[in-house]
Amino acid sequence: MTAVRVAHPRRYLVFALFAAGFLLSYVLRGVNVAFEEKLATGFGLEPGAVGAVTASFFLAFALVQPLVGYLLDRIGPRRTQSLLLILAATGAVVFALAAGLAGLMTGRVLLGVGLAASLTAGYKAIAEVFPAAQVPLFNGLLASVGSLGVVLVGTPLDALLAVLDWRQIMGVLGGVALLLTVLLWCLVPEPPRTPAGQEKADGPGVFGYMADPRYWSILPLGILNQAMFLAMQTLWLMPFLRQTMDYSRGEAAMSVSVVGVALIFGGVGLGALASWLLRFRIEVAVTAGVAMSLFPVVQAWVLFQGEAVTQATWFVFGVTGGSGMVLYAVFARTFPGSMLGRLSTTYTLGVFLGTFLLQAAYGWLLDLGQAAGMAPDEAHVAIWTLLIALQVVAVACYWGMTPARRRRAAAHGYA
């Protein structure tokens with residue numbers, strides 16, 4: 001079931017403003033991929049500490065998702081996003097003024113809370129103002145615009161650091177968050193909301209829908225796909241390239257930007273493909289599942305190629321690594337609009353909690369591996385191998401939901 005089937009006359013303005021918010025979120029969550037070396041040397045931080053600082057964003061982002069979901073369904077994406085962006089602006093300033101580890105952590109936590117609605121608010125707004133058949137396409141476009149942030153935190157941000165200090169960059173980004181708050185509040189229309197308690201008439205309620213076996217079959221792969229990708233893209237990809245592939249800093253930054261470009265094309269391409277395949281009754285869940293299943297294959301190919309890995313491989317890495325975003329269109333097609341905010345944020349909660357755990361664990365495992373006598377490149381390869389194995393298990397779980405089980409689940413009234 002979808003929330004809205006009739007297009008809103010101001011839908012493109014709505015899309016543009018929420019896409020800008022998602023772009024800002026991607027930039028702010030990923031700036032440490034360029035700041036990592038400066039933070040380590042400037043504050044005397046070990047890899048585990050840098051990982052913990054960066055990952056604190058994702059922990060805060062994850063923990064407030066239940067509240068975000070409730071707010072999205074009760075007061076709507078416009079108000080939720082506008083209010084939280086004020087916290088994001090505050091977090092950017094606190095991070096810019098940090099004098100030590102505590103200030104850096106506090107700033108990242110505030111950023112995580114303030115940007116916690118940037119993803120699901122956009123998807124909720126799209127579901128409200130676009131026809132149902134266009135939701136996968138515009139979800140993909142939203143993901144692509146956000147993916148520009150991955151490009152920006154690669155070579156462009158690395159070049160900007162030669163002109164501006166990292167503290168000045170964070171201050172500018174905080175100002176952008178405040179400007180976007182004003183634009184969202186003043187320009188985005190406010191659709192009517194479902195009255196409290198009305199959603200009970202739409203089905204078994206939020207916990208009833210969460211009991212749907214299809215819901216649990218997609219979570220492990222979606223969460224691992226996004227968590228592995230985000231943990232690498234926002235911090236560990238550049239150290240991996242420099243220590244395992246012997247890339248220079250400029251070459252590593254270029255690869256990070258290639259991954260960002262791939263996310264742009266992948267978001268649009270997968271969204272358009274999913275919308276087109278619906279004409280042939282091939283569901284979005286199938287399109288997303290195939291793309292996500294290819295991601296661990298690409299990672300294994302990276303390890304197999306070693307220093308011979310090409311930019312084409314990193315392009316495919318970006319396309320398949322961002323494919324878990326398509327699952328939000330699955331939620332929009334499966335569940336009623338009055339539940340969409342809360343149900344989609346449970347997935348977001350898993351993704352960002354998983355990203356926090358993987359990002360922090362990656363740094364700790366690097367420390368442990370090197371303390372045990374492993375070379376940095378050997379430690380990176382060992383961690384990747386473990387993560388690939390986990391994703392293979394999740395792929396089996398995803399495709400283990402047979403057509404017969406899907407039909408039985410549907411017969412219970414979940415969709």
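Visitor: Where does aspartate 246 lie, and what makes aspartate 246 count as exposed?

Guide: In this predicted model, aspartate 246 is found in the loop between α12 and α13 (249–277). Its relative accessible area is 53%, and exposed means over 50%; aspartate 246 is therefore exposed.

Visitor: Where is arginine 281 placed, and why is arginine 281 called exposed?

Guide: Arginine 281 sits in the loop between α13 and α14 (284–305). Its relative accessibility is 80%, and the term exposed applies over 50%, so arginine 281 counts as exposed.

Visitor: Is arginine 29 buried or exposed, and how do you know?

Guide: Arginine 29 belongs to helix α1 (residues 11–30). Its relative accessibility is 2%, whereas buried means under 20%; arginine 29 therefore counts as buried. Leaving aside residues up to four places away in sequence, arginine 29 touches Phe22, Phe57, Phe58, Phe61, Arg108, Ser118, Leu230, Thr234 and Phe352.

Visitor: Which residues meet where α2 and α10 are in contact?

Guide: From α2 come Phe35, Lys38, Leu39 and Phe43, and from α10 come Trp166, Arg167, Ile169 and Met170. The residues of this contact comprise 6 nonpolar, 2 charged and no polar.

Visitor: How many aromatic pairs are there, and what makes the pair of tryptophan 236 and tyrosine 362 stacked?

Guide: The count comes to 21 aromatic pairs. The rings of tryptophan 236 and tyrosine 362 are 5.3 Å apart centre to centre, with 15 degrees between the planes. Centres within 6.5 Å make a pair, and planes under 30 degrees apart make it stacked, so both terms apply. Tryptophan 236 lies in helix α12 (residues 213–244) and tyrosine 362 in helix α17 (residues 337–371), so the pair ties together parts that are 126 residues apart in sequence. Both tryptophan 236 and tyrosine 362 are buried.

Visitor: Why is the pair of tyrosine 398 and tryptophan 399 called edge-to-face?

Guide: The angle between their planes is 75 degrees, with 5.1 Å centre to centre. Edge-to-face requires an angle over 60 degrees, so the pair of tyrosine 398 and tryptophan 399 qualifies. Tyrosine 398 has a relative accessible area of 1% and is therefore buried, while tryptophan 399, at 37%, is partly exposed.

Visitor: Which residues form one aromatic cluster?

Guide: Phe229, Phe240, Phe295, Trp314, Phe317 and Trp384 form one aromatic cluster.

Visitor: How many disulfides does the structure hold, and why do cysteine 186 and cysteine 397 carry the terms they do?

Guide: The structure holds 0 disulfides. Cysteine 186 has 55% relative accessibility and so counts as exposed. Cysteine 397, at 33%, lies between the limits of 20% and 50%, and therefore counts as partly exposed.

Technical notes:
Residues numbered from 1 in each chain as written. Predicted model: local features only at pLDDT ≥ 70, side-chain atom pairs only at ≥ 80, totals over all residues. Heavy atoms only, no water. Disulfide = S-S within 2.5 Å. Buried < 20%, exposed > 50% of the residue type's maximum accessible area, 1.4 Å probe, protein only. Contact = heavy atoms within 4.5 Å. Helix = DSSP H or I, 4+ residues; strand = E, 2+ residues; numbered from the N terminus. Nonpolar A, V, L, I, M, F, W, Y, C, P; charged D, E, K, R; others polar. Phe/Tyr/Trp six-rings, centres within 6.5 Å; stacked < 30°, edge-to-face > 60°.
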